[in-house]
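Please look through this entry before we discuss it. My notes are meant to be read with the structure open beside them.

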Amino acid sequence: MNILFSMAFRNIGRNKRRSILSAVALSVGVMLLLLMVGFLNGEMNSTQDMTIRLQSGHLQVRAPSYNENKTSLKWEDLIEDPDKKAQQIASLAPVLAATPRLYLSGILAVQEQTAGVRIYGLDPSSPASEPYESGIVAGTNITPDDKNAILMGRPLAERLKLNVGDIIQLSVNTSNGDVADQNFEVRGIYTTNVIGFDKSTIIMPLAKAQAMGKAENHASLIFVLLKDRNDTDAVIASIQGSGYQVLGWSEMNEFMMVMEEMAGQYFIIFYIIVLSITASVITNTQLMAVFERTREIGVLTSMGMKARRILALFMLEAGYLAVAGTFIGIILGILVNLLFGIVGFTFGDFGLTDVLMPNTIYPQINFSNIVEISIYSLVITMLASIYPAFVAARMEPVEALHGSL
Amino acid sequence: MTVAKIIDVTRSFLTGKIETQALRGINLEIQQGEFTALVGPSGSGKTTLLQLIGCLDQPTSGSVIINGTDVSKLSRSQRADIRRGTIGYVFQFFALIPTLNAYENIEMPLLLTGVNASERHERVITLLESVGLSHREKNRPDQMSGGEQQRVAIARALATKPSMILADEPTANLDSKNGEAIMELMTRLNQETGVTFVFATHDQRVIKFSKRIVTLQDGLIVSDQP
């Protein structure tokens, strides 16, 4: 009945300040939720992206006995003649880059300071090494043939007060159990914007790492990047059965995947808690309206208006507040996401080792987030308004007319 | 024709643990077209009786028969159906919906009874004319005087062409000039439309216009004078 819509709309305007405050409370709740969802999306996407680009790739080919938690240089834990295998993989259409990497563990010493480091021996000219090259903030990149140059992460360089051109000494464990020492020049200082990675990772050419670690023609793994991560399973299937183990990015990053799934579930609970709090403001507003308009409800019932229509009238009023509050909240939420999408949230080092979380997180929201939060907001607010509407609908006409409730 | 018949009606209220008997055995018949005043001091039960006749309340015992239907045992919803279209109300507080203008207030009961748009419009315009408020069609209650608001309330009560209009102290909040005008209006409408008017009042102006005066005291009818 149109008159109910009209009456409900006009009733909203009877106490403008109260209606506006109620809608604003809901708007703020929706805005904050949208910002938090944007932050979570940004964190998940960028962490996934960084972990894949820097640590796991989309897939890796490893020796069956390879243990990523130990930097083993035993022959059986390594891949022999990795270039040939990498070239075969690189020839597959979905593959962007396939490149061998050798990981060494060592100690960096400069003057009287030392630091435990992980050394990435890799091909600096491979597209897979792009994050280090593009992240160089001082000096230049190393070349595949360099024998005494390394790239160093900015936080490590800052801690050790090193600059481009300075000389450091690296001691690494070799495949025969010895320790090899050599001086290196800091050719470049890079940042991937993941402090946890940058503060402990030294980059050197693969050939030099193989020579220093006495790994000869071996690599820890073949690091593979794809043009589209959705092709991961198909590529794994096509290179499986070569005597090596082939692992996809989701398998290698189980902790990250579990963490993201849990975060998603926690957020649903968070939605409900935040929106229930804001919806309680609307419940309160509507209850006040019901008690203020007791006589009016009595007049409407005396005219023969049935309980369900009175219920509908108050539900419609709550509905207008819910729609207005949600709409404004969505607009504000989009705006703050856009703002922080430029400025970002800078947190620094999270101290996580399995997950490479960027120092600065830029929120991202999508249409489905907006639809999801809108639905939660409207449903929870409408549920919260049932009680006051029910109070109005259940009023006895005589008591209502006397305003004696 | 009898529009309302009250048979041995009692009505008591519980206030905490104390039971108050508002009506203690009432018998009354109201005929079509009557212009009746229920009078008596405060607490005599006149408003309670009016509410029972108007299906707003139910008796503790006895029967209330409206247009041949015993309404005393009906559900809330069924009583709402009876009220809609059969009974019009005019209250002491002018009781217009503050967010609706005069036209919309009069239209409201017609919307509730499902009258079609063109007939609604015709009836509302006619009623506005008959209460002399055509020029106030677009005004909301807060833009009208008390007398004007009460005239809109009377028009609204008449909208569904009810068989009976019940008015609870309709002049109590009006000055003598407006009170007189309202009574003259209701007398004219009673004569023109034949609709039954029942008032609960202790206002002498109302009593003066009434053709039948039923006096209550302590929940009993003590006199019934034509």
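The points below go from the contact between the chains to the domains, the strands and the salt bridges.

1. **What kind of model this is.** The model is predicted. Please keep that in mind when reading every value below.

2. **The contact between the chains.** How many residues does the contact take from chain B and from chain A? Chain B gives 27 residues and chain A gives 26 residues. The area buried between the two chains is about 2,400 Å². Carbon and sulfur atoms give 64% of that area.

3. Three salt bridges are counted between chain B and chain A. One of them joins Arg76(B) to Glu396(A). The closest N and O atoms of this pair are 3.3 Å apart.

4. **The side that chain B presents.** Which helices of chain B each supply at least two residues of the side that touches chain A? They are H1 (46-53), H2 (76-86) and H3 (102-113). H2(B) gives the most to this side, with seven residues. By type, the residues of this side of chain B divide into 13 nonpolar, five polar and nine charged.

5. **The two domains of chain A.** Chain A is divided into domain 1 (2-51 + 256-402) and domain 2 (64-243). Note that domain 1 is written as two segments. The centres of the two domains, taken over C-alpha atoms, are separated by 50 Å. Their contact takes eight residues from domain 1 of chain A and eight residues from domain 2 of chain A.

6. **What lies between those domains.** Domain 1 and domain 2 of chain A bury about 700 Å² between them. Of this, 52% is on carbon and sulfur atoms. The count of salt bridges between the two domains is zero. One residue pair is in polar contact, both residues being at pLDDT 80 or more. The side of domain 1 that touches domain 2 has four nonpolar, three polar and one charged residue.

7. **A sheet in chain B.** Chain B has an open sheet of four strands, in the order E2-E1-E4-E5. The pairing is antiparallel. Which strands are at the edges? They are E2 (18-31) and E5 (69-70) of chain B, and each pairs on one side only. As a general point, strands of a sheet pair through backbone hydrogen bonds. Strand E1 (residues 2-15) of chain B pairs with E2(B) over eleven bridges. Within this pair, Ser12(B) stands opposite Gln21(B).

8. Strand E9 (residues 212-217) and strand E10 (residues 220-225) of chain B run antiparallel. Five bridges join them. Ile213(B) stands opposite Gln225(B) in E10(B). The hairpin has two residues between the strands. Look at Asp218(B) here: this residue takes a positive phi near 50°.

9. **Salt bridges over the whole structure.** A search over all chains finds 22 salt bridges. In chain A, the side chains of Glu296(A) and Arg14(A) meet in a salt bridge, at 2.7 Å from N to O. Where do these two residues sit? Glu296(A) is in helix H11 (residues 294-302) of chain A. Arg14(A) is in the loop between helix H1 (2-12) and helix H2 (16-56) of chain A. The pair links distant parts of the chain, 282 residues apart.

Technical notes
Residues numbered from 1 in each chain as written. Chains lettered and ligands numbered in written order. Predicted model: local features only at pLDDT ≥ 70, side-chain atom pairs only at ≥ 80, totals over all residues. Heavy atoms only, no water. Contact = heavy atoms within 4.5 Å. Buried area = accessible area lost by both parts, 1.4 Å probe. Salt bridge = Lys/Arg side-chain N within 4 Å of Asp/Glu carboxyl O. Nonpolar A, V, L, I, M, F, W, Y, C, P; charged D, E, K, R; others polar. Pairing = 2+ DSSP bridges. Domains from an automatic or database assignment. Polar contact = N/O pair within 3.5 Å; in protein donor to acceptor, adjacent residues only side chain to side chain.
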